[in-house]
Amino acid sequence: MPKYLILKHYRGAPATVNDVSMDQWAPEEVDAHMKFMDDFGKRLEDNGEYVDAQALSPEGAWVRADEQRQPATDGPFAETKDLIAGWYVVDVDGWDRAVELAGELSLAPGKDGKPIHEWLEVRPFYGAPSATDA
Amino acid sequence: MTPADAPAVPGAFDGAFDTATLRPLVPAVIGVLVRRGADFATAEDAVQEALVEAWRTFGAPASSDRGELPRDLKGWLVTVAWRRFLDVVRSETARQRREVAVELEPERGPAETADDTLRVFFLCAHPALTPASAVALTLRAVAGLTTRQVAEAYLVPEATMAQRISRAKRTVSGEAFDRPGDLATVRRVLYLVFNEGYSGDVDLAAEAIRLTRQLAALAGPDGQDPETDGLLALMLLHHARRPARLRDDGTLVPLADQDRSRWDIGLIEEGVTVLQAALAQQRRGEYQLQAAIAALHADAPSAAETDWVQVVQWYDELLALTGSPVVRLNRAVAVGEADGARAGLAALAEVDPDLPRHRAASAYLHEKDGDLVTAARLYAEAAGLATNLAERTHLTREAARLNRAAR
């Protein structure tokens, strides 16, 4: 079965329909959203499709070695920067199922209990070559 | 026979058996092997294998051909582990084609002491180890967990944890076993284990409490090592709150909002008793002082009825002792409760604003001062700086609550 990465973004994805920052929601709406995310993860496990899920802090920096071979940082990230919030890794039958799951995730409830219609990025993993390759 | 009416002494019953019965014996058994001339790393492996052997022999369902549990489980483990150790030495010796360097048959008689067990604690918390390595080695060689259990608890692949543990063993393998170590390093490692909480099938907080109890008993009879007792009290008092700390969905409930009827009274009483005996020694340390603060919270029927003036006094003493910026931050919040929000904000102005919880503390004090707009903004900023998801959700929710109230 192929694996797919379903990526959530803090910034950088196309604007969502219900685009209001979370601190402007009602507290119960925050709870409902978190419960939806929790349930989604549990459903993936129940389906036997779950591999991994992680959430990233918005903090961090770019790092490279400078001319003195020492690490140099550039950050915190500029406001314009694409910023990944977290991911699910799923092991599913194929692309269509991965898209279906991302579609479900996109309907997470937001302000006024309405779905966010968030854009999620779905990316196939390169797997190991199969025993019958080459 | 049910486990409930089984005698408390491990090894003397024929009831439910699991490795938890054996694990408290692990550091002592390693100590015996090292005392007999085994090197620490090989001895540790041999004891793990003896644990597996014990599980195979005694852990089978009662109806099948389960072996009868020996009366002296520790003696059984020592015998099996020593045999394993000899197997390793012999095969290595055969490979190297030279004479056996160690005495293969152990002397009979009392071959171990409480000091040896304590030295296993010291070795696993050796200052040459990084904190992550010391924690991993302690959980395996002192707590007797398997590499897989340690890996699951820290959410890393088993191969990664195996590597971390074997590197740690190599690091301490040249260290003298006979030299007494520093109890403070052991306490730090156990506190790290406690803080990790629980994930997977191992309850690290409960495990840390068990090991701290063992350490306190080894370090001397009641009250001889007040800081280890202070650490034990601190753990017990925090552990008592655990049933009220998290909602069913995993979100955090702050101390002030916790349902105090769900706190574990038995743990609180034990923690307070242990702490009082420790404080009576008049040799105060930071764990005793932190435990004293936790005890004042445990004693209060509600956040409002907490003796905040005394909390601030303990923080003053803790700050004088440690100079820790985190203590200074927590003290500022306590000052806000004791002397009002303005006093708290004034105290907070003395604290490094880059500290992780600074914005959350500032938000809290601003709300208390009636400035909901500023508080909501600071909570939203604090959420962005949170170091775990439960905390981030909680802070976001606080911002949402205040934004609604301010509308």
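Reader: What share of the 134 residues in chain A is buried?
Author: Buried residues make up 17% of the 134 residues in chain A. A residue is buried if 20 or more other C-beta atoms lie within 10 Å of its own, exposed if 12 or fewer, and partly exposed in between, with C-beta atoms placed from the backbone. This is a predicted model, where local features need pLDDT of at least 70 and side-chain atom pairs count only at pLDDT 80 or more, while totals for chains, interfaces and linings use all residues. Residues are numbered from 1 along each chain as its sequence is written, and chains are lettered from A and ligands numbered from 1 in the order in which they are written.

Reader: And what share of chain B counts as buried?
Author: For chain B, 42% of the 407 residues count as buried.

Reader: Back to A. What is its radius of gyration?
Author: Chain A has 18 Å, whereas a compact globule of 134 residues would have a radius of gyration near 14 Å. The radius is taken over C-alpha atoms, and the globule rule is 2.2 Å times the number of residues to the power 0.38. The C-alpha trace of chain A spans about 55 × 50 × 20 Å along its principal axes.

Reader: How many helices and strands does chain A have?
Author: Chain A has two helices and six strands. Their order along the sequence is β-α-β-β-β-β-α-β. Helices (H or I, at least four residues) and strands (E, at least two) are DSSP runs, numbered from the N terminus.

Reader: Which way do S3(A) and S4(A) pair, parallel or antiparallel?
Author: S3(A) and S4(A) pair in the antiparallel sense, over four bridges. Two strands pair if DSSP finds at least two bridges between them. In this pairing, Trp62(A) stands opposite Asp74(A) in S4(A). The two strands form a hairpin with five residues between them.

Reader: What is the phi of Arg69(A)?
Author: Arg69(A) has a positive phi of about 65°, although it is not a glycine. Most residues other than glycine have a negative phi, and most peptide bonds are trans. Arg69(A) sits in the loop between strand S3 (62-65) and S4 of chain A.

Reader: Why does Arg69(A) count as exposed?
Author: Because Arg69(A) has 6 C-beta neighbours inside 10 Å.

Reader: What about His117(A), where is that found?
Author: His117(A) is in the loop between helix H2 (95-106) and strand S6 (121-124) of chain A. His117(A) also has a positive phi, of about 55°, and is not a glycine. With 15 C-beta neighbours inside 10 Å, His117(A) counts as partly exposed.

Reader: Which residues does the cis peptide bond in chain A join?
Author: The cis bond joins Gly75(A) and Pro76(A), with omega about 5°. Pro76(A) is in the loop between strand S4 (71-74) and strand S5 (83-91) of chain A.

Reader: New topic. How many residues of chain B are in contact with chain A?
Author: There are 16 residues of chain B in contact with 13 residues of chain A. Two residues are in contact if their C-beta atoms, placed from the backbone, lie within 7 Å. Helix H19 (372-385) and helix H20 (389-406) of chain B each supply at least two residues of the side that touches chain A.

Reader: Which helix gives the most?
Author: H20(B) does, with nine residues. The residues on that side of chain B divide into six nonpolar, six polar and four charged. Here Ala, Val, Leu, Ile, Met, Phe, Trp, Tyr, Cys and Pro count as nonpolar, Asp, Glu, Lys and Arg as charged, and the others, Gly among them, as polar.

Reader: How many residues are in the largest nonpolar core?
Author: That core has 133 residues, and those with the most contacts inside it include Val29(B), Leu33(B) and Val47(B). A nonpolar core is a set of buried Ala, Val, Leu, Ile, Met, Phe, Trp, Tyr and Cys residues joined through C-beta atoms within 7 Å.

Reader: What is Val47(B) in contact with?
Author: Leaving aside neighbours within four places in sequence, Val47(B) is in contact with Val26(B), Val29(B), Ile30(B), Leu33(B), Leu77(B) and Ala81(B).

Reader: Last one. Is Gly31(B) buried or exposed?
Author: Gly31(B) is buried, with 27 other C-beta atoms within 10 Å. Gly31(B) lies in helix H2 (residues 26-35) of chain B.
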